[in-house]
Amino acid sequence: MSEMRRDLVAPCGMNCRLCIGYQREKNKCDGCRNMNFVSYKTKKSTTCVIKDCPVIKERNLEYCFECPKMPCQRLKQLDKRYKTKYHMSMLENLNYIKEHGIEKFLENEEIRWTCSNCGNIVSVHREACTNCKESVFDNVKNSLDNY
Ligand SMILES: [Zn+2]
């Protein structure tokens with residue numbers, strides 16, 4: 001059974017399944033698309049800045065690439081930070097989804113973010129697998145080479 005879910009991919013291209021906010025036990029967030037009042041209040045992560053974008057709300061966009069302003073300053077900043085710090089890119093994700101569809105994207109995500117040591121889904125916000133402590137970076141880097 002797939003661990004990846006369409007409703008966990010945020011409009012900005014972030015896969016909320018990989019977010020530590022989703023993976024943690026305490027104050028768990030259900031993802032940007034499933035945000036309830038409680039998780040909204042407790043959520044501190046800046047991954048979620050796009051969630052409150054007025055254009056997404058007004059035009060009821062599913063992904064940022066449907067927006068005429070894509071990529072906006074906010075998305076570019078977010079993307080830059082994630083590329084530098086977390087070895088992933090919102091813009092790459094969005095381009096991939098636009099070109100190949102969400103189902104293919106989810107298949108790749110499952111391969112890319114599954115711990116090669118224990119099979120746990122790792123978090124993009126942690127350097128080691130939360131289950132077995134295997135380095136996430138080595139894992140992701142290897143799968144990126146075959147992407
Ligand atoms: Zn592991």
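Predicted model: local features only at pLDDT ≥ 70, side-chain atom pairs only at ≥ 80, totals over all residues.
Biologist: Let's pick α4. How do you know that the span of α4 agrees with a helix?

Modeller: Helix α4 runs over residues 73-86, which is 14 residues. At 1.5 Å a residue, that should span 20 Å, and the end C-alpha atoms are 19 Å apart, so the two agree.

Biologist: Which residues of α4 are buried?

Modeller: They are L75, L78, D79, Y82 and Y86.

Biologist: What puts them on the same side of α4?

Modeller: They cover an arc of only 100° around the axis, and therefore sit on the same side of α4. The general idea is that an α-helix has 3.6 residues a turn, so residues three or four places apart point the same way.

Biologist: And what is on the other side of α4?

Modeller: There you'll find Q73, Q77, K80, T84 and K85, which are exposed. As for the buried residues of α4, what covers them includes α5 and α6.

Biologist: Why is the pair of Y82 and Y86 called tilted?

Modeller: Their ring centres are 4.7 Å apart, and a pair needs centres within 6.5 Å. Their planes are at 55°, while stacked takes under 30 degrees and edge-to-face over 60, so this pair is tilted. Y82 and Y86 are four residues apart in helix α4, which means about one helical turn separates them.

Biologist: What about Y96 and F105: why is that pair tilted?

Modeller: The centres of those rings are 6.4 Å apart and the planes are at 45°, so this pair is tilted.

Biologist: Why does Y96 count as buried?

Modeller: Y96 has 17% relative accessibility, and the cut-off is under 20%, so Y96 counts as buried. F105 is buried with a relative accessible area of 0%.

Biologist: Which residues have the most contacts inside the largest nonpolar core?

Modeller: That core has 41 residues, and those with the most contacts inside it are C12, M14, I50, L75, M88, M90 and W113. Two or more residues each come from α3, α4, α5 and α6. It is α5 that gives the most, with five residues.

Biologist: One last thing. What makes you say that the charged end of R33 sits over the ring of Y63?

Modeller: The charged end of R33 is 5.2 Å from the ring centre of Y63, and the distance limit is 6 Å. There's also K28, which lies over the face of Y22 at 3.7 Å from the ring centre.

How values were computed: Residues numbered from 1 in each chain as written. Heavy atoms only, no water. Expected span 1.5 Å × (residues − 1). Buried < 20%, exposed > 50% of the residue type's maximum accessible area, 1.4 Å probe, protein only. Arc of directions from axis to C-beta. Contact = heavy atoms within 4.5 Å. Core = buried A, V, L, I, M, F, W, Y, C linked by side-chain atoms within 4.5 Å. Phe/Tyr/Trp six-rings, centres within 6.5 Å; stacked < 30°, edge-to-face > 60°. Lys NZ or Arg CZ within 6 Å of the ring centre and 35° of its normal.
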